[in-house]
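Here are some notes to read alongside the model.

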Amino acid sequence: TGNCETVKGQVNVFRQNGVDTIYGIIDWDKKNSSSDNIFVLGENKGYSIESFILDPLLVFILSMINYGKLDLEEFGLSKTFRFPEIEKLSSEELQNITENMLKKLALHSAETGNTIRKYLGGTEITLPNSFCFYPGHDLEKRYQSILPFLNSIGQKEGQLKREIINKAMHHFPRLIPEEFQATFAKIKQKT
């Protein structure tokens, strides 16, 4: 709440002082809604930015790029699978990877419903709301507890997210959740 309120306040101050080209992006946090100058990333689709950056597929990719320590057969892949091949996988295979990562996180229950996540390359994956609506800062800690090798990135908040952006998203932009592009497109329409 503090960071969202800070963004709203700063945008308001700039606007009141004649800077009408500034906009803010905030987390949904299961309560925020977009306005003329404030945009919610993934409104009604993900609790926070972590819900999208810490996407199970992106964490899987980072794990493969940096560490190669995952049991590939556990994710329905052959032992000879190499991370550049991920873009060649079918939607079903990507869904399987996602579901297996969610099982590791113990966030695979669909009791609260599902959300369809679309990616820039056109892939669609079904994610349980137990994952999508899980508080962001806790999600990062949860990943680090089940995949301890991620702790080597560092314990400072944000380091894991930066690593995913710089490596997984950079190498595989087709697997970036569409919510990022959609949010920036809304801002662009305003300018």
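1. Where is the place of aspartate 29? Aspartate 29 sits in the loop that runs between strand 1 (24-26) and strand 2 (38-40). Bear in mind that this is a predicted model, so treat each point below as a reading of a prediction.

2. Have a look at the backbone there. Aspartate 29 has a phi near 55°, which is positive even though the residue is not glycine. As background, most residues other than glycine have a negative phi. Lysine 30 also has a positive phi, near 60°, and is likewise a residue other than glycine. Lysine 30 belongs to the loop between strand 1 and strand 2.

3. Lysine 30 comes out at 49% relative accessibility, so it counts as partly exposed.

4. Now for the inside. The largest nonpolar core has 44 residues. Those with the most contacts inside this core are Phe60, Ile86, Ile97, Phe131, Tyr143, Leu150 and Ile164. Two or more core residues come from each of helix 2 (49-53), helix 3 (56-66), helix 4 (91-105), strand 4 (124-128), helix 5 (129-132), helix 6 (136-146) and helix 7 (159-171). Which helix gives the most? Helix 3 does, with 7 residues.

5. Leaving aside residues up to four places away in sequence, isoleucine 97 touches Leu57, Phe60, Phe75, Leu77, Ile86 and Leu89.

6. Why is helix 3 described as largely enclosed by the rest of the structure? Because 9 of its 11 residues are buried. The buried residues are Pro56, Leu57, Leu58, Val59, Phe60, Ile61, Leu62, Ser63 and Met64. They pack against helix 2, helix 4, strand 4, helix 5, helix 6 and helix 7.

7. What caps its N-terminal end? Aspartate 55 does: one of its side-chain oxygens lies 2.8 Å from the backbone nitrogen of leucine 57. After the helix comes glycine 68, with a positive phi near 55°.

Key. Residues are numbered from 1 along each chain as its sequence is written. This is a predicted model: local features need pLDDT of at least 70, side-chain atom pairs count only at pLDDT 80 or more; totals for chains, interfaces and linings use all residues. Side-chain values use heavy atoms; hydrogens and water are left out. A nonpolar core is a set of buried Ala, Val, Leu, Ile, Met, Phe, Trp, Tyr and Cys residues joined through side-chain atoms within 4.5 Å. Buried means under 20% relative accessible area, exposed over 50%, partly exposed in between (1.4 Å probe, protein chains only). Helices (H or I, at least four residues) and strands (E, at least two) are DSSP runs, numbered from the N terminus. Contact means heavy atoms within 4.5 Å. A polar contact is a pair of N or O atoms within 3.5 Å; within protein, one must be able to donate a hydrogen and the other to accept it, and residues adjacent in sequence count only if both atoms are side-chain atoms.
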